[in-house]
Each structure stands twice: as C-alpha cells, then as structure tokens.
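Trainee: I'd like to learn how to read a few features off a model. Can we walk through one together?

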Amino acid sequence: MNTDSQTHTAPSLTGRVGGESSPSISSLLWIDDEIELLKAHIFFLEKKGYEVDQTTNGYDALDCCRQKTYDLILLDENMPGLSGLETLQRIKEITPATPVVMVTKNEEEDLMDQAIGRQIADYLIKPVNPTQILLTLKKNIHRREIVTEQAQTAYQQEFGRMSMLIDDAASMDDWKEVYRRLVNWELQLSVTDSVMKDMLAMQKSEGNLRFARFIEKNYLDWIAHPDTSGRPPIMSPDIFKRRVFPLLDKGEKVFLIVIDNFRFDQWRIIMSEIADLFQIDEDLYCSILPTATQYARNAIFSGLMPNIIAEMFPDLWVDEDSEEGKNLNEAPLIETLFKRYRRQHTFTYNKINDSSAAERLVQKLPQMMNNDVNVCVLNFIDMLSHARTESRMVRELASNEAAYRSITQSWFRHSPVGELFRALASSDYRIILTTDHGSIRCGSPVRVKGDKNTNTNLRYKLGKNLDYNPKEVFEIADPHRAQLPAPNLSTRYIFARGDAFFAYPNNYNYYVSYYRDTFQHGGISMEEMLIPLVELTPKRR
C-alpha cells in the first residue's frame, strides 16, 4: 500500500428511502369474487400502510379505475360476469401504465401465457400468503426506491475500498479492475435516483488523473520494449496477432467487428442484448496513443505502430494536415498484414456508415460465409459523438452519460446491426468484437497555442510551435520514442489528461463554451484507452 494512502470515507446518506421520512401511501385495488376470504390479507396490507379498495366483479372494478388511479391492481381470474382476462384487457384500456397482478387458483399454462401476453406484472397461484403479496408490491411499486437505497448504501460501503484500489493500482491489470468496478457502479447508480452519483463521478475523475500518471510513467517503455513484463499483453497492433490468428490456426473462421469510438460501458449495455445468443469471453485491452482513428485503428489493421506504417507504406499513411480521410486505406493495410505473416486467408472488408449499408451487409452474409475472415467497421457511435458536438438537438438527446448509453442501446436494438448479430449467432464464425478507442466527456479547458499547421483534435496536439504549460499535459518531445510520425524535426506531441480539452486563447470563452461537455478522444483516460475486446461464440455450437 502507498505510504501516503489515507482512510477514505463516503459522505453519509441523508433523506434516503426507508429512513425517517415516511413513504407516500400506495393505493391498491383488489378484485375477487371471494373478497371476504381475503380480509386477513387486506388487514395485513393496511397495517403496512397501503390503502386497499375492494370489489367483487369486473364491472365494478372498471368503474373504480375510471374514478381513481391505483398504484397496483390485484385481479382474480375466475369471476362471474367479466372474466379476469376480459377485465384485464379493459383495465389496460383505461389505465395502461398501472401494473396488474393476477391472483388465481388456475394453474393452466395456457392461461399463464395469455395473462403474460397481455402484460401482467406478476402471476400468483392461490392460496397466497401475505408475504408473497408484499413481495410483489415491493417489486412493482417500490422497486426504484429500494434499488436506489440498496445501491447507494452498497456504494457508500464500497467507496473506501475503491479509493484504496485506485491509490494502490500499479499495473495494467490493476487499472482494468479499477475501471471495471467504476463502470459497474456507474451502471448500477444510473438507473436510480441516488445522491451518490456525484461522489462516483469525483472518484472516477480522481482515478483518471492517477491513471494518466501511470501511463506517463510507463508508456514509452512499453513502446520501446514490447517484451517487457509490465507491458499490457494486448495493445492496438496486437489484435490480429494475439486474437485473430490463433483462432484461424485452430481452423476457426473469424468475423471481426470494430465499432469505432466504443466504450466499455456501452459494451456492457449492448451485452444484455446478445447474452442469450452467445457465450461471451470479455476482456479489456490498451489502445495506443493518440487514441484516435488515424493512429489506433490503422495500427489494428496493419499490426504496426504508426511511424512504421508511414515508413513502410507511405502511400497508405495519411498525414494530419491532409484533407484526405484518415481511414480510407484499411483494407490494403490488412493485406499487408497477411502478406507479412505469410497468411493466405480469404477476407472481406466492410465499412458501415448508415442503416442501408448495414442492411446490404446482412443480405450478402450468405455469400461471405466461405471467407476465413470478414472485417466489419461500424461508424455509428463515432458519428453520434461528432453529431452531439455539432447539433444542439443531439446534445439534448444525449445530455449525459446514461443518455449516451441509452442511444447506443437503441441504435443496436432497432438498427440492422442487431439483425447482423442475430444472423451471426446462427453461423459457424467466432466473432471478435472490439474498437479502436473510446471517448471521454470533456469538462476542463487547457490553454494551448499553435500555428496554422497544428491539428484540430481537442485531446492531443502535434506541431513544432506549440505553446503550453508542461505541467498540464503529457508531453512527448521525441515522437520516435512513441513510434509516432514526425512531420518535422521539431515536432512534438502533447496529450490531455482526465477530462481536459485543449482550447486556444483566441476567442477562448466561446471555444470553451462550445466544446465543454462534449465527448472527445485522442488523449489519456480509462474511457479512451481501456477498451472492450470480446470473443463471442454462438451458443448453438
């Protein structure tokens, strides 16, 4: 443990659900033609603070629903007049958002299927005891409050341990564990009303600053000595050599999907969409610097560091100041990689920029199935990140991290990309799902001056006339030590740490206002550098 480690304690919770303040009274409607036999249950619920209206038939129940809004309705199936299913359908027409729990003696599977198909909240078989009823009320009325209280209590207890993990992290494995835990808590707390979200954000920010120190201390040694024991086992140029080629050597066919600008938290959201289709082997790997497409993704597809690409294949490398797209030569780079390793694999390369391109890819999958390797680049998330910067409407739709993840999930669920994964689940391919880099939500401006040839990226700069405070950046004065191209002898690179972004002094306030709270990449943060590398095996195999 570090000698300067301190005891870390999260602030105590105040005003939490289930504390001294009483919850609001919940209103229930119980519909059963034998309601007199349920008086003990109703008395139990009333003692617990619930208000329970009672009726013995469907028609009276519908009148009650027209006159009053209930938090939950308990419904018998076998009643004179309107049956339970008929009553359920009419209740949903009056108050579609109210959860309905069916409580019945009928154990027929067909009735269960019909009730579930009509979106009941729960199905209980008589005789029921009061505890069963209370449990279903907690699940359907109080879930959010309970989840919020439990999550924030658990994080409060975990806060000190997380701080110690951050203080003591001394290897890439340590930092991967820190980041996994931070993302796990972020996902748990994001679906609650927890007051601990701000505390988690502060802890994550502190983690990113310490992670940047770790990278600055070790990165150049990793690049200079690829076989050193402390180097991450997989960095950008290693994807094919360490993950794709071993599968090919075992006789497997590989479908490599690279989602541009894809973060670990976004992967965890998408994972829930495909968990029933694939066996999942999840890992994180370390992107090279700069965490930008031109460098990191070209390194993936060539198996080389950027300066080697520029030297060996100058016609395939695009300089920073070029107007040409930075990722137009990926298929030729894959060809050079296969030739260098004397591999005779058949492969396709596909870049998907919109839904119509994704649809065409899905349609031609049968013709692709004989290839050893199919490579697919999906650009939606990177396009979303840029659109969020440039469009006020998109910024409103993706106003925070949770909303950003939600849009990612919605895209995956409703676009042809989801159909692509479902089709691959019926194939003989091993799917490698990864990315070139992630992004971070920027908040802290750092002043930098440069000449007209300085690149425009907000998280890293390269040039020969950069003016900056060395204490505020990670500086690489000799690009060759980081195996980066140097357009001029005096070229140097600088990288932003944590949530910082570079701003020019000219028109500074406007610049800061425009770019603050946007998602950017190119610098040093866990979100940008610790990125998903996932192997998916179709379960049908």
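Trainee: Let's start with charges, then. How many salt bridges does a search of the whole structure find?

Mentor: Keep in mind that this is a predicted model. Searching the whole structure turns up 35 salt bridges. Take Lys-139 and Asp-122 as a case: they form a salt bridge whose closest N and O atoms are 3.2 Å apart. That pair ties together distant parts of the chain, with Lys-139 in helix 5 (residues 130-140) and Asp-122 in strand 5 (residues 122-125), 17 residues apart.

Trainee: And which residues gather in a patch of negative charge on the surface?

Mentor: For a patch, you look for like charges joined within 9 Å, on residues with no salt bridge. Here, Glu-108, Glu-109, Asp-110 and Asp-113 come together as a negative surface patch. Glu-108 sits in the loop between strand 4 (100-104) and helix 4 (109-117).

Trainee: On to the backbone. Which peptide bond has omega near 0°?

Mentor: That's the one from Lys-126 to Pro-127, and it is cis. Pro-127 is in the loop between strand 5 and helix 5. There's also a cis bond from Leu-289 to Pro-290, with omega near -10°. You'll find Pro-290 in the loop between strand 7 (278-286) and helix 11 (293-302).

Trainee: What about phi: what value does Gln-483 have?

Mentor: The phi of Gln-483 is near 55°, which is positive in a residue other than glycine. Gln-483 belongs to the loop between strand 14 (474-476) and strand 15 (492-495). Asn-507 is another non-glycine residue with positive phi, near 55°, and its loop runs between strand 16 (500-503) and helix 20 (508-515).

Trainee: Last one: cavities. How many of 30 Å³ or more does the count give?

Mentor: The general idea is that rolling a probe the size of a water molecule over the atoms shows where empty space is left. In this model, the count comes to one cavity of 30 Å³ or more. The largest cavity has a volume of about 40 Å³.

Trainee: Which residues line the largest cavity?

Mentor: Its lining includes Gln-294, Tyr-295, Trp-317, Val-318, Asp-319 and Glu-320.

Definitions and conventions
Residues are numbered from 1 along each chain as its sequence is written. This is a predicted model: local features need pLDDT of at least 70, side-chain atom pairs count only at pLDDT 80 or more; totals for chains, interfaces and linings use all residues. Side-chain values use heavy atoms; hydrogens and water are left out. Patches are made of residues with over 30% relative accessible area and no salt bridge: like charges are joined within 9 Å, nonpolar side chains (Val, Leu, Ile, Met, Phe, Trp, Tyr) within 5 Å. Accessible areas come from the Shrake-Rupley method with a 1.4 Å probe; for residues, only the protein chains shown count as cover. A salt bridge is a side-chain nitrogen of Lys or Arg within 4 Å of a carboxyl oxygen of Asp or Glu. Lys and Arg count as positive and Asp and Glu as negative; His and the chain ends are not counted. The place of a charge is taken as NZ of Lys, CZ of Arg, CG of Asp or CD of Glu. Helices (H or I, at least four residues) and strands (E, at least two) are DSSP runs, numbered from the N terminus. On a 1 Å grid over the protein atoms alone, a cavity is a set of points where a 1.4 Å probe fits but cannot get out, and a pocket is an open set with protein on both sides within 12 Å along at least five of seven lines; lining residues have an atom within 4 Å of a point. Grid points are joined across faces, edges and corners, and a volume is the space filled by probe spheres set on the points.
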